[in-house]
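Hi,

Here is the structure I said I'd pass on. Have a look, and my notes follow below.

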Amino acid sequence: AYFVACFAELLKAHGIKVKGQWREAETPDKVRELASLRSAPLSVILMDVNKNSNNFFAEQVLKTVGAEVKGAPGSTAKGIEVISDYLKELGVAPGEYTAVNGSGLSRGTKFTAAQLNAALVDMAMNEDVTHEFRSSLAIGGRDGTLWSRFRDSDEVDRVRAKTGTLDGVHCLSGYALGQDGRLYAFTFFVNDLPYSISRARKVQDQLVSALFTAGGDVLAEQAP
């Protein structure tokens, strides 16, 4: 109903009269296509999703993935099935997490930092998709949700990540380029914050800075 109402208003704006009622039914066999519109490539859509935290687009991508893999019509449930199949390949069993939707706007969704990091590592190792995936993430000090963070001259361009924020929750997950030339995947989840998220953000930025300045061996020695 919402689509039909918007479409009708668009037609009226172009001088096309609209009358009659709409009804939901199967498309007749004898119809003539008047116009078609192709979606932008997935790589372009993901840039909007990840750089700017476009939650609505994220949900539509999940449904589309469900349609492509499990068959049309797409749905959130089918998309979550695809996620489950992928996580099984990474060694994550279905009972070890809870997926509710694709937008991230649900407190019912529960993943561990290690589970998300496993996906980041897998994406980094997959030559077929790694460049497009990393390009979709916000660049520290440059754009998206990270344009105001990591702006020091020795930090700009060295982190690509996705933020995640709800009331009392602040997360950061992505990749950092260490001074040893290696790419490090990281995931920081902070829940039940009794204070402003700015304090959690500051700690997360400090942890990322540690990845900038230290190699893997040094980080392992310093880890509690």
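Let me start with Ser136: leaving out residues up to four places away in sequence, Ser136 touches Leu46, Met47, Asn50 and Lys51 (contact means heavy atoms within 4.5 Å). Ser136 sits in helix α6, residues 130-136 (helices, H or I with at least four residues, and strands, E with at least two, are DSSP runs numbered from the N terminus). Ser136 counts as buried because its relative accessibility is 0% (buried is under 20% relative accessible area, exposed over 50%, partly exposed in between, with a 1.4 Å probe and protein chains only).

Before going further: this is a predicted model, where local features need pLDDT of at least 70, side-chain atom pairs count only at pLDDT 80 or more, and totals for chains, interfaces and linings use all residues. Residues are numbered from 1 along each chain as its sequence is written, and side-chain values use heavy atoms, with hydrogens and water left out.

Now the sheet. It is open, with 4 strands in the order β1-β2-β3-β4 and antiparallel pairing (two strands pair if DSSP finds at least two bridges between them). β1 (138-139) and β4 (183-190) are the edge strands, each pairing on one side only. Strand β3 (residues 169-177) is joined to β4 by 8 bridges, in the antiparallel sense, and Leu172 has Phe188 in β4 as its bridge partner.

Over at helix α1 (residues 2-13), you'll find Leu10. With 47% relative accessibility, Leu10 counts as partly exposed.

Cheers
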